[in-house]
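Hi everyone, thanks for coming along.

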Amino acid sequence: MIRTAVDLEVRKTRRMRVWALCLVMVVAVVVLAGMSLGSEATRAGFADPDARPWERLLLNHVMVAAMTSPILVAVLAGRQVDIEHQGQGWTLARTAGMGPGLLCRAKALVLGTALVSTVVAQCALLILAGTVAGIEPTPPLLLWGRYALCLTAVHLALMGLHLWLAARVDNQLVGLGVGLLGAFYAVFSLLMPSWVAYALPWGYYAAISPLRMEGGDRLIESQPDPVLFTLFLGGAAVLFLTACRRLDRAEGGPA
Amino acid sequence: MIVSELAKLRRSSLWIVAVVLPVLAVTAGTLNYHGNQDVLSSGWGPYRSQAVLFYGLFFMSMGVAVLASAAWRMEHRGNNWNLLMTTPARPSAIVGAKIVSLALVVTAMQMVLLVLIGLTGTWVLGLEGAPPWEYVPVALLAVVAALPVAALQSLLSMLIRSFTAPVALGLLGCALGVATMLGGEGGVVSYLVPQALVTSASFLGNGAVSGSAEIDPSAVGAIVLSASALTGLLWWLSAFVLSRRDVG
C-alpha cells in the first residue's frame, strides 16, 4: 500500500512543481552563501591556505542554510499537505484504503528525497562556485560531507514535525509562521551560547555547524553533541511515526 | 474596503507573525549585544544594528511575504473568489485595499520593533540617554520600502492559489536583494529589486553592515522614489491582470 501512496505522491509533486521550488531554494542558498566570493577582500585570501577560504565559504553555507532551511521545509510540507485539505484528499484516500498517517509517511518519503537532492545540489554548486572563483587549496570534502549528512538529518526530523503540523492545522499560515520563526531561532542560535541551539528543534541547524569562530577570527572545527543529536533524531522519528499511527486511527480527516 | 480587509486579517492568525517577528528580532539582538559587549562599542547605534541585522536583511521581507499569502488565502477558498469578482469594486480598488491593509500591518510591525528597541535599550541594557529620534523616520522609511514587496507578494499570492509557493518566490527575491545590495556592484539594480529596498532602508545609518548608506536626503529620496515607482507599477500590473484574467 505504501508503494501506491508514494507513487501517487510523486505524481502530485510533478503537478505542484515541488522540484521547481527546490531549485528556487538551491539558487537562493548558493547566491546568498557564495556572495562573498566576489569581494576583493575575500579573493585576496584564495591562494593562502592559512586564510582558510573553503572553511569560510562552508561557514557562510551554514549560516544561510540555518536562515532558509526551516522555511524550505515548511514550504514543502505545507504545499504537499494543503492539497489534501483543499481537495478533500484525506477522505478520498481513506476510501481507497489509505489513512492520513500512511499518506503522511508517503509524503515524508517523497519530500525526503527532494530534500536530500536539495542538500547535495547546494553543496556541489557551492564547491563548484568556489573552484571557479579561484580558491586554490583543496576543499575540505570530509568536513563538508559530514555537514551535508547532518543537515539532511535535521531536515528530515523537522519535515516530520511540519508534515504533522500541516496535516493537523488546515490554515497553512501556522506551519509557515512556525517555519519563519524557526528560521529566526536557527540563525540566532549561531551567535548564542551552544546550549541555546539544543533547546528547540530549529536550533539544531546551528548545532550541526562543522566550524565555529574562536577568539574573534580563528576558525576551529566543531561537531554536535552526539548524545543530544541522536536523542533529537530518534525522538523526532518516534514522534512522527506515533503521530502517523494516531492519524490512521482517528475518524475523519486529521484537521 | 480597507476596513473590510483588516476585518478579514483580524480573523486570520497573521497578527501572531506581525508581533512575534519583531519580538524575536529584539530579543535576539539584545542577547547578542549583551553577550558581545567586549567586541561591540556601546550605545544605541550598535544595539539597534544588532536588533535589525537579520530582520532587515531577510525576515522583514519574508514576514511581508507570509502576510500577503495570508491576505489572499481567504479569497482562494470556497466560492470567495466568485464573490469578490461580483462586487462592484474596480480591480485597482481590490488590489489597492490589499496593499494598503498589508502596509498597515507592516507599520504595526515596525512600531512594535521600535517600541521594543526603546524599552529593552533603556530598561534591560541600561543604555544612556533616550533612543535617537532618527529611528522613527528610518522605521517609517522601511514601511515605504516594504510597499513594493507587499505589492509584488500580493500579485504573486493573487495569481498562485498555493499559500506557500509565493513565499518561496519571496525567498528567492530576498537572495537577489541581498546579493545586489551587499555585493556592492548592484548600483541601479539594487533599487529595482523590492527586497533590496527593504534591506537598504532598514540598514540606513547601520554601522554593523558594510555597504549601508548614511541617513541623508539623497539616500532617503532614492529609496522613496524607487519604492513609489515600483509600487505604482506593481499595483497597476495587478489590477490589469485581475481585470483581464480569471485567476481564481
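Here is a question to begin with: at what angle do α8(B) and helix α9 of chain B pack, and how far apart are their axes? Keep that in mind for a moment while I say that this is a predicted model. The answer is an angle of about 150°, with the axes of α8(B) and α9(B), residues 217–244, 11 Å apart. That angle makes α8(B) roughly antiparallel to α9(B), since anything over 145 degrees counts that way. The crossing of these two helices is left-handed.

Who makes this contact? From α8(B) we have Pro194(B), Leu197(B), Ser200(B) and Ala201(B), and from α9(B) we have Ile223(B), Ser226(B), Ala227(B) and Leu230(B). Sorted by class, that contact has 6 nonpolar and 2 polar residues, and no charged ones.

Let's stay with α8(B), which has another partner. Helix α3 of chain B, residues 44–76, and α8(B), residues 194–202, have axes that come within 9 Å and cross at roughly 155°. The two are therefore roughly antiparallel to each other. Here the crossing is right-handed, whereas the one between α8(B) and α9(B) is left-handed. On the α3(B) side, the contact uses Val52(B), Tyr55(B), Gly56(B), Leu57(B), Met60(B) and Ser61(B), and α8(B) answers with Gln195(B), Val198(B), Thr199(B) and Ser202(B). The classes come out as 5 nonpolar, 5 polar and no charged.

So, is α8(B) mostly covered or mostly open? Mostly covered: 9 of its 9 residues are buried. The buried residues run from Pro194(B), Gln195(B), Ala196(B) and Leu197(B) through Val198(B) and Thr199(B) to Ser200(B), Ala201(B) and Ser202(B).

Helix α1, residues 2–11, and helix α5, residues 91–124, have axes that come within 9 Å and cross at roughly 60°. That makes α1(B) oblique to α5(B). It is a right-handed crossing. The α1(B) residues in the contact are Ile2(B), Glu5(B), Leu6(B) and Leu9(B), and those of α5(B) are Ala97(B), Lys98(B), Val100(B), Ser101(B), Leu104(B) and Val105(B). By class we get 7 nonpolar, 1 polar and 2 charged residues.

Let me step back to chain B as a whole. It has 9 helices and 0 strands. Its radius of gyration is 19 Å, close to the 18 Å that the globule rule gives for 248 residues, so chain B is as compact as a globular protein of that length. The C-alpha trace of chain B spans about 60 × 40 × 25 Å along its principal axes. Of the 248 residues, 50% count as buried. And if you take the contacts in chain B with a separation of 6 or more, residues 24 or more positions apart account for 77% of them.

On to chain A. What does chain A have in the way of helices and strands? The count is 11 helices and 2 strands, and the order from the N terminus is α-α-α-α-α-α-α-α-α-α-β-β-α. Chain A has a radius of gyration of 20 Å, close to the 18 Å from the globule rule for 255 residues, so it too is as compact as a globular protein of that length. Its C-alpha trace spans about 65 × 35 × 30 Å along the principal axes. For burial, the figure is 47% of the 255 residues. Among contacts between residues at least 6 apart in sequence, 79% join residues at least 24 apart.

The C-alpha atoms of Ala129(A) and Gly34(A) are separated by 7.2 Å, although the two residues are 95 apart along the chain. Leaving out residues up to four places away in sequence, Ala129(A) touches Val30(A), Gly34(A) and Leu37(A). With 16 C-beta neighbours inside 10 Å, Ala129(A) counts as partly exposed.

Last stop, the place where the chains meet. The contact takes 30 residues from chain A and 33 residues from chain B. On the chain A side, α2 (18–33), α4 (53–86) and α8 (172–189) each supply at least two residues. Which of the elements gives the most to that side? That is α8(A), with 10 residues. The chain A side divides into 21 nonpolar, 7 polar and 2 charged residues.

Terms used. Residues are numbered from 1 along each chain as its sequence is written. Chains are lettered from A and ligands numbered from 1 in the order in which they are written. This is a predicted model: local features need pLDDT of at least 70, side-chain atom pairs count only at pLDDT 80 or more; totals for chains, interfaces and linings use all residues. Two residues are in contact if their C-beta atoms, placed from the backbone, lie within 7 Å. Helices (H or I, at least four residues) and strands (E, at least two) are DSSP runs, numbered from the N terminus. Ala, Val, Leu, Ile, Met, Phe, Trp, Tyr, Cys and Pro count as nonpolar, Asp, Glu, Lys and Arg as charged, and the others, Gly among them, as polar. The radius of gyration is taken over C-alpha atoms; the globule rule is 2.2 Å times the number of residues to the power 0.38. A residue is buried if 20 or more other C-beta atoms lie within 10 Å of its own, exposed if 12 or fewer, and partly exposed in between; C-beta atoms are placed from the backbone. Axes are lines fitted to C-alpha atoms, for helices over the stretch in contact, and angles run from 0 to 180 degrees between N-to-C directions. Angles under 35 degrees count as roughly parallel, over 145 as roughly antiparallel, 65 to 115 as roughly perpendicular and the rest as oblique. A crossing is left-handed if the near helix is turned anticlockwise from the far one by less than a right angle, and right-handed if clockwise.
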